[in-house]
Amino acid sequence: MLRLVFLGPPGVGKGTQAVRLAVAESVAHVSTGDMLREAIAEHAALGLAAKEFMDRGELVPDEVMIGLVSDRVAKPDCSRGFILDGFPRTLPQAEALDAMLAETRQDLTGVIAFEATEVELIRRLGGRRTCSGCGATFHIESKPPKLANVCDNCGSALMTRDDDQPDAIRRRLQVYHEKTEPLETYYRGRALLRCVDATLGPDDVFQSTLASVRASQGEQPIA
Ligand code: AP5
């Protein structure tokens, strides 16, 4: 049973790796960013309120995010395990997650912290293109679609996320250092944290991620 948190700065590749690991391990992929973007696309009240924060590169308030994740992890698909991609992002969120899991006598099995240089993060975010239909992620250099601006999976148009503009990227990186990076200390203190060098290509990062997940379960890494 895997109950993982993926930590790391914007653009480090958390989503790319979470999609892949969730399929490989048959667990739920819980991306708070995707949940908020779905709420925006549906013109839901939550989405409209969250968009203001997201477009500025700020965090959505803790109480909103804690309620959202608490409902999501109670869904049946999470009973087989989950990867939390983008939550927690603040100390109050991390403490709320502990309380949520304690209610059902569960605990996290591991926290993977993905690391890359700021230059690489800015390159990845600036070149990211996201499918307006299925949400699949591409990159103009490292993962270009077969047809320019068209999703390989569903044929919908690719777009640049509103928060992938230079000012929002700068602010997201600042917010990450101020509010989210301290969580590494929080989880290291509980011997849950494993760091993965995310500067390599997606396949190599996936192998390192798998090795870290196996190590957190006390298993031998896959060769
Ligand atoms: P969210 O969507 O979670 O954004 P993020 O954490 O900033 O992460 P990203 O989605 O930007 O990047 P990623 O690490 O997933 O990278 P990806 O795999 O896409 O959140 C958005 C906003 O929602 C937040 O700013 C906040 O406002 C709000 N929010 C969400 N959760 C919240 C919470 N808990 N509390 C409060 N507010 C919250 O990869 C990026 C690019 O790089 C892609 O183009 C990809 O193809 C490419 N790439 C990936 N891996 C590699 C590789 N190894 N080599 C080369 N290229 C790669």
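Which residue places a backbone N or O atom 3.3 Å from a nitrogen atom of the ligand? In this predicted model, that residue is P202, whose backbone N or O atom lies at 3.3 Å from the ligand nitrogen. The protein covers 96% of the 1,000 Å² of accessible area that the ligand has on its own.

| Residue | Protein atom | Ligand atom | Distance |
|---|---|---|---|
| R89 | polar side-chain atom | oxygen | 2.5 Å |
| R172 | polar side-chain atom | oxygen | 2.6 Å |

Both R89 and R172 belong to the group that comes nearest among the 36 residues around the ligand, a group that also includes T16, E58 and R128. By class, the shell around the ligand is made up of 14 nonpolar, 12 polar and 10 charged residues. Helix 2 gives the largest share of this shell, 4 residues, and the elements that each supply at least two residues include helix 1 (14-25), helix 6 (118-126), strand 6 (137-139) and helix 9 (202-216).

Turning to the aromatic side chains, the structure holds 2 aromatic pairs. The ring centres of F6 and F114 are 4.9 Å apart and their planes stand at 70°, which is over 60 degrees, so the pair counts as edge-to-face. This pair links distant parts of the chain, since F6 lies in strand 1 (residues 2-7) and F114 in strand 4 (residues 110-115), 108 residues apart. Both F6 and F114 are buried. Y186 and Y187 form an edge-to-face pair, with 5.1 Å centre to centre and 80° between the planes; Y187 is buried, with a relative accessible area of 0%. Elsewhere, K143 lies over the face of F138, at 5.2 Å from the ring centre.

Technical notes
Residues numbered from 1 in each chain as written. Heavy atoms only, no water. Phe/Tyr/Trp six-rings, centres within 6.5 Å; stacked < 30°, edge-to-face > 60°. Buried < 20%, exposed > 50% of the residue type's maximum accessible area, 1.4 Å probe, protein only. Lys NZ or Arg CZ within 6 Å of the ring centre and 35° of its normal. Near = heavy atom within 4 Å. Polar contact = N/O pair within 3.5 Å; in protein donor to acceptor, adjacent residues only side chain to side chain. Areas by Shrake-Rupley, 256 points an atom, 1.4 Å probe, with all protein chains shown as cover. Nonpolar A, V, L, I, M, F, W, Y, C, P; charged D, E, K, R; others polar.
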